[in-house]
Amino acid sequence: MPLLTGGLVAVVGAVVLAAAGGSYLGSTIAIGLGYAVTTVGMVVQLGYSKQLAFSQSVFMGVGAYGTGILETRYGLTSGEAVLATIGLGLVGSLVIGGIVTRAPGLALALATLLLPLFLYPLATFSSYLGSFTGIEGIAPLWNDASYATMLVRSGIVIAIVLGLATAAALRVMRSGVGLQLMAMSEDERLAAGLGASLRQRRLEVFVFGSVLATVGGALVASSQGLVTPDILAEPAEITLLIMVFVAGRKSVVAAIGGAVVIEYLTTSSAFISTNLTTFEAIALVLVLLLEPDGVAGLVGRGGRALRGRLANRGAAGAVAASDAAGSPDAAVAP
Amino acid sequence: MSNFLNLLAAGVTAGAIYGVFAACIAIWFRVSNVLNLAIGDFAMLGVLGVAELSQVDHWNLAVSILVDLVGVGLLAWLFDWLVLHFALDRGQADHGIVTVFFYTFALSLGIEGVTLAVLGTDVRSAPAFWNGPALEVADFHVQRAGLLVIGLAIVVGILLWTYLRTTVSGRAASACGESVIGSRIVGIDAARYRRWLFVATAVLAALFGIVESPMNGFTYSSGPTISLLGVVAAGFAAFRRPGRAVVIGLALGIAEALIGGYVSTSYNDVILYAALFALIVFQPRVLGLSTVPT
Amino acid sequence: MVDGNAIVEASEVSVRYGKFLAVERASLSLRRGECVALIGPNGHGKSSFVNALCGLVARRGEVRLDGALVAARDPKSALRAGLVLVPERRHLFPALSVRDNVLLGGYAKNRRVRADRAFADVAEVMEVFPELAPHLDRPAGALSGGQQQMVALARAMAARPRIVVLDEPCLGLAEAVSRRVYEWLTMMSRQELTILLVEENPVQALEVADRAVEMYKGVLDDPEVVAAVQQAEVSAS
């Protein structure tokens, strides 16, 4: 089932990008899918495991800057740079995660909230990282003489990576480890009593979310052709959180939709992009008040209500049929 | 020596700002177990509102400030009534992360978005209460607005301490965040405390922003950074000790100024916040978070 | 039916949690100075019933104290009338000191005065609990379960109640502490305080109670249910 869903995500993404051709819309969707790789990881980390870590934009920065530096300073190809960056993200998240996941609950939140406060000025003042303007000239994932072909093929690569990320996230959530993570999210002491290794699981979740964020950052930088320090600032994390929490923090598919839709809205029209923050705020409040699990929760609730109504109608039909047949037992059967 | 004293004065001024915002966050968290991530936006609204009324519409300064503060208080009251009351007082489920962070985060976004649409992106300040050049004693310089900031921080600190330490109402406010059921059993209206302290801290943040704005200009996006610095200082005070939050805020401001003066002007934030990060992850006990529900 | 000597009159009280009916049309009168035990198995609506009496959960039906109606879902209304609850699991304020916990018991009367004066106003309550004297400035959450139960009782007495409702006051406590709680109960019932004692254990409750009522499946003293339960107990023994 995870593989099937992941495959479906990849195919739908690829078809949409192919249909969009080399248009501006196609480019926007490709960037949105890059963000979606990060938001898929956030579903596992923040939504499913309730790990209070706000470091995803920082790891996106690691991915984006890593790809940019390896390509422009060390001459690696786009694919090599992305792969090397994933390795960098893995090692980095293991090192940082090994330290930060020692801090429990709100302490972890505070520690990760501090990261942008010193990494953003570091990137801004560091000439190695390109100072205020960042790093330009990052190559796309699939180079081609034709801009449109390059855009479509690079986009399809991103869709395939997103499909793999989706499958991995669903696999984690539906495994025994996922069950332990859910138990930990409800009550850590109880989960420990049931045999879950809290530190190990915390670290695994942190690494999973961070590596996907690194991949997302690398893909977005490749799509945009540049990286700036803004990716490390607080607003970048805020955008990611809105993508996940409005769409549905516990649904992988919703998080993908949230990333693509918000990325699209950011560039769709001057009016929307100017007032996007206000719309996001209203959407966030309404969604959280009506259903803390976001739009996906609302859809799920609507679906359950509809199924319940259909089931009742079916039962009523069965009762009517059994009454007609004169069977008193059938009338009290559930 | 004079260089050190000047840096110290600058640090105390910046620290007083951090401290007051941190205290506002801590006292409200103490009552509601919710982080007020919109506290910086209330300050920004205070400054831009007074700047607009007094400098563009040419209202009298005192009237501008009064109208502005009433407006900020009303906004906070409405948000509590329309959103927090609905989310926290009627909901049966404890939504954890959503409750702690996201309602006030949404408010912050909303204020920022509307301010951008209405007032644009200009950097503005409220008129100074105490005009004139920096005060000088030998080589020691201190800005007049800085002195007002420090004075106001001291008054706020004393008032908060008196309220929490010496009144039954202050004890009741603390009890609200400890046990909702326990407070209902003894007749404490936790929702009422949450609402009025939310309004009071919003107005206080706005007033503080107005007083300090001649030193630091404000724009529509100034709020989140102020809130984040406040959260960091409040975090080192277990999120619920306003007195300690003021002290931590002061310490942060002084450390920032001294690092800027003696180590690196560009990298002072990098060094300070990296050090705080290391402190949290290697010694999380310094936060004293054991009693904070997570 | 109105009892002229009744201080509490609960009539037709129902409590519902969504689709689940926890208490069904329960009626109960308490006479002045009486100690009544509300017994019954776990999960059959005892706590829901007393929470409804004290205005902590939504209810249907009427609750009157000395003839005056106590508003539903309004604990302050019950407190003003002198009805005070010592809840199951105590619900103290763990980070606040014992002193603060006790003085907040009198919050409804003292909320506008200074904290030291409010504590002086309720200080005589502490004479009944001398074991708490050395711990006045310690956080309540740092005390033992038995000491915390004493704090909960002291907090209730600080409200100067006319009726005290105790919900499972000995749950999870050691034998010696339970005895101490019952000593206090006996002393209070001698002082003409009206007491409603919720207990799962009828033997213990009947040591101090003047009478007992039973709640089974949300129904209070339904003769048919009582007979069925008694029949089941006889068969089991």
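## Ground rules

Two residues count as being in contact if their C-beta atoms, placed from the backbone, lie within 7 Å. What you're looking at is a predicted model, where local features need pLDDT of at least 70, side-chain atom pairs count only at pLDDT 80 or more, and totals for chains, interfaces and linings use all residues. Residues are numbered from 1 along each chain as its sequence is written, while chains are lettered from A and ligands numbered from 1 in the order in which they are written.

## Where B meets C

Between these two chains, the contact takes 18 residues from chain B and 26 residues from chain C. On the chain B side, α6 (168-178) and α7 (180-185) each supply at least two residues; helices here are DSSP runs of H or I, at least four residues, and strands are runs of E, at least two, numbered from the N terminus. The top giver on that side is α6(B), with 7 residues.

## Where A meets B

Here, 34 residues of chain A and 38 residues of chain B take part in the contact. On the chain A side, α4 (78-100), α5 (105-125), α10 (234-247) and α12 (270-290) give two or more residues. The largest share, 13 residues, comes from α5(A).

## Chain A by itself

Chain A has 14 helices and 2 strands. Its C-alpha atoms fill a box of roughly 85 × 50 × 35 Å, taken along the principal axes.

Of the 334 residues in chain A, 52% are buried, that is, with 20 or more other C-beta atoms within 10 Å of their own, C-beta atoms being placed from the backbone. Take the contacts in chain A between residues at least 6 apart in sequence: 77% of them join residues at least 24 apart.

Definitions and conventions
A residue is buried if 20 or more other C-beta atoms lie within 10 Å of its own, exposed if 12 or fewer, and partly exposed in between; C-beta atoms are placed from the backbone.
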